[in-house]
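Welcome! Let's take a walk through this structure together, one question at a time.

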Amino acid sequence: MSELVNPEPVVLYGYDQSPYYNKIKNLLAMKGIKHYIVEQPMTAPRPDLLALNIEYRRTPTLVIGRDVYLDSNLISHVVCKKWREPDFGVAEFGPSILAFESLSNNLFWTFIAAADFSKSPESFKEDRRTLWPKFASKESSAQRPHNLSQLGYHIHNIENVLQDGRKWMLGGDQPTLADLYIGFVLHFILFVLRTNTQEGFKRESLRNVHEFTTRYNHYIKSLSPTLTKINGQSAKDLIESSNTEYAPTQHDTTDGTKINVGDQVEIVPSDQRAVNLQRGILVALNAREIVLDVGNRLRVHAPRLGFKLMKVELKSNL
Ligand SMILES: N[C@@H](CCC(=O)N[C@@H](CS)C(=O)NCC(=O)O)C(=O)O
């Protein structure tokens with residue numbers, strides 16, 4: 001057990017087939033952050049997370065000490081703020097990095113709308129339909145040609161950016177966070193789900209994009225991450241025995257919502273059906289974050305962008 005002793009454990013939950021999980025796995029490797037990995041099933045339920053009172057079921061989730069972070073965008077902001085070196089061009093999370101983050105999310109969801117999941121296992125499709133009722137339906141496959149054209153638009157824009165011979169998205173000799181944001185999603189689209197065999201996405205049409213993605217993959221493979229795979233119970237013990245202070249948070253009393261610190265609330269990503277609601281007591285709310293106390297001395301942090309926040313109206317038992 002001694003190698004599990006860590007005053008502020010960093011624990012990543014996810015599964016290898018998840019591109020967003022790989023985005024964070026690669027970020028931790030780029031930053032050289034020692035961490036633990038708890039592999040999760042591809043479909044719900046995820047008992048390891050439920051045991052920590054985490055109902056949120058999107059992937060990935062990252063725990064740092066007793067703070068639980070939802071959503072890869074928030075996670076990467078938090079990681080880059082906490083571990084500033086190496087900097088990867090993101091000291092201030094400047095506009096170009098944010099633009100690449102937004103492009104990356106756009107690319108991913110445009111691709112999901114264009115992808116063919118008809119041959120995926122029925123159990124996987126059923127599971128995803130609990131979040132997105134039209135997932136892999138006849139209706140959505142009729143939209144595929146259109147969505148593929150939208151994907152082509154985004155990827156050809158990236159081809160144009162790379163046309164001046166730059167190695168990395170922001171130029172220069174070293175990769176930055178912009179490369180991570182674009183690299184993980186291009187790798188998934190072109191090489192994991194093999195869009196590279198489709199007309200308009202083959203190497204001859206997108207030479208620079210293909211070369212960039214291969215370069216990104218070589219770079220990721222050249223890193224030596226310090227990670228230990230552990231099971232859910234060991235992770236729970238590690239997290240619950242952590243004695244670190246909570247991450248500092250700020251409550252903005254001028255926030256427009258009628259929800260106050262101490263209220264019982266639920267949050268859920270706004271791009272899915274309202275299932276697997278994450279419940280907790282509101283600790284802080286500001287322009288960037290929602291922070292909840294979920295019991296077990298754990299706090300959950302979700303980004304404000306892309307999450308719905310609702311007050312739970314408690315029914316009297318009388
Ligand atoms: N905005 C979220 C999106 C995460 C997301 O949609 N992940 C996919 C896997 S790549 C997912 O949650 N799928 C359903 C699941 O894993 O239960 C993030 O950046 O973390």
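Q: Which helix holds E211?
A: This is a predicted model, in which local features need pLDDT of at least 70, side-chain atom pairs count only at pLDDT 80 or more, and totals for chains, interfaces and linings use all residues. Residues are numbered from 1 along each chain as its sequence is written. Helices (H or I, at least four residues) and strands (E, at least two) are DSSP runs, numbered from the N terminus. With residues 207–221 forming the helix around E211, the name to give is helix 9.

Q: Is E211 buried, exposed or partly exposed?
A: A residue is buried if 20 or more other C-beta atoms lie within 10 Å of its own, exposed if 12 or fewer, and partly exposed in between, with C-beta atoms placed from the backbone. E211 has 13 C-beta neighbours inside 10 Å, so it counts as partly exposed.

Q: What distance separates the C-alpha atoms of E211 and K167?
A: Along the chain, E211 and K167 are 44 residues apart.

Q: How many residues of helix 1 are buried?
A: Helix 1 covers residues 19–31, and its buried residues include P19, Y20, I24 and L28. The helix is largely enclosed by the rest of the structure, because the buried ones number twelve of the 13 residues.

Q: What span should helix 1 have?
A: The expected span of a helix is 1.5 Å times one less than its number of residues. The end C-alpha atoms of helix 1 are 18 Å apart, which agrees with the span its 13 residues should have, 18 Å.

Q: Which helices each supply at least two residues of the shell around the ligand?
A: A residue is near a molecule or strand if its C-beta atom, placed from the backbone, lies within 6 Å of it. Among the residues around the ligand are P19, Y20, S72 and N73. The helices that each supply at least two residues of this shell are helix 1 and helix 3.

Q: How many residues does each domain bring to the contact?
A: Domain bounds come from an automatic or database domain assignment, which here gives domain 1 (2–85 + 227–311) and domain 2 (95–221). Two residues are in contact if their C-beta atoms, placed from the backbone, lie within 7 Å. By that rule, domain 1 and domain 2 each bring 15 residues.

Q: Which element gives the largest share of the side of domain 1 that touches domain 2?
A: The elements giving two or more residues to that side of domain 1 are helix 1 and helix 3. The largest share, seven residues, comes from helix 1.

Q: Which residue does a cis peptide bond join to T59?
A: Most peptide bonds are trans. The bond from T59 is cis, with omega about 10 degrees.

Q: Is N276 buried or exposed?
A: Most residues other than glycine have a negative phi. N276 has a positive phi, near 55 degrees, and is placed in the loop between strand 6 (264–269) and strand 7 (278–285). Since 20 other C-beta atoms lie within 10 Å, N276 is buried.

Q: Is R297 buried or exposed?
A: The phi of R297 is also positive, near 60 degrees. R297 sits in the loop between strand 8 (289–293) and strand 9 (299–303). With 12 C-beta neighbours inside 10 Å, R297 counts as exposed.
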